[in-house]
Amino acid sequence: MSNQKKRNFQIEAFKHRVVVDPKYSEKTWKILEHAIHEIYNHNASGLSFEELYRLVTFIENDIFSHVTDEISSLDIIRDIFTSNIRSLGLTSQWNRRS
């Protein structure tokens, strides 16, 4: 048998920086708007359906992310409001109002 030491190999992720165009969202909306007009005008022959699928998926994720952020903000506001009502002893008065 050999007396070689076992080496532990570690796989690391690439350390390259991903640069995103700051106007990517605006460009995406413009392309999608143009595509919708082309489809409406029965002129969809020049459209890349793969590109449209990617755009719709991007926008769907973007909207979902935005809505999720807004909902969590509303939850935080509701929690702060509720805790303030309770800490001030106004719970029974608030419940009578609503």
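Trainee: What should I know before I start?

Mentor: This is a predicted model, in which local features need pLDDT of at least 70, side-chain atom pairs count only at pLDDT 80 or more, and totals for chains, interfaces and linings use all residues. Residues are numbered from 1 along each chain as its sequence is written, and side-chain values use heavy atoms, with hydrogens and water left out.

Trainee: How many helices and strands does the protein have?

Mentor: Helices (H or I, at least four residues) and strands (E, at least two) are DSSP runs, numbered from the N terminus. Here there are three helices and zero strands, giving the pattern α-α-α along the sequence.

Trainee: What span should helix α1 have?

Mentor: The expected span is 1.5 Å times one less than the number of residues. Helix α1 (residues 24–40) has 17 residues and should therefore span 24 Å; the C-alpha atoms at its ends are 24 Å apart, which agrees. After α1 comes His42, with a positive phi near 60 degrees.

Trainee: Which residues of α1 are buried?

Mentor: Buried means under 20% relative accessible area, exposed over 50%, and partly exposed in between (1.4 Å probe, protein chains only). An α-helix has 3.6 residues a turn, so residues three or four places apart point the same way. In α1, the buried residues are Thr28, Leu32, Ala35 and Glu38. Viewed down the helix axis, the buried residues of α1 fall within an arc of 120 degrees, so they line one face; that arc is taken from the directions from the axis to the C-beta atoms. Glu26, Lys30, Ile36 and Tyr40 are exposed, on the face turned away from the buried side. For the whole protein, buried residues make up 9% of the 98 residues.

Trainee: Where does Trp29 lie, and which residues does it touch?

Mentor: Trp29 lies in helix α1 and is partly exposed, at 39% relative accessible area. Contact means heavy atoms within 4.5 Å. Leaving aside residues up to four places away in sequence, Trp29 touches Ile59 and Ile63. Its C-alpha atom is 8.2 Å from that of Leu55, 26 residues apart along the chain.

Trainee: What fraction of the accessible surface belongs to carbon and sulfur atoms?

Mentor: Accessible areas come from the Shrake-Rupley method with a 1.4 Å probe; for residues, only the protein chains shown count as cover. The protein's accessible surface comes to about 9,900 Å², with 57% belonging to carbon and sulfur atoms.
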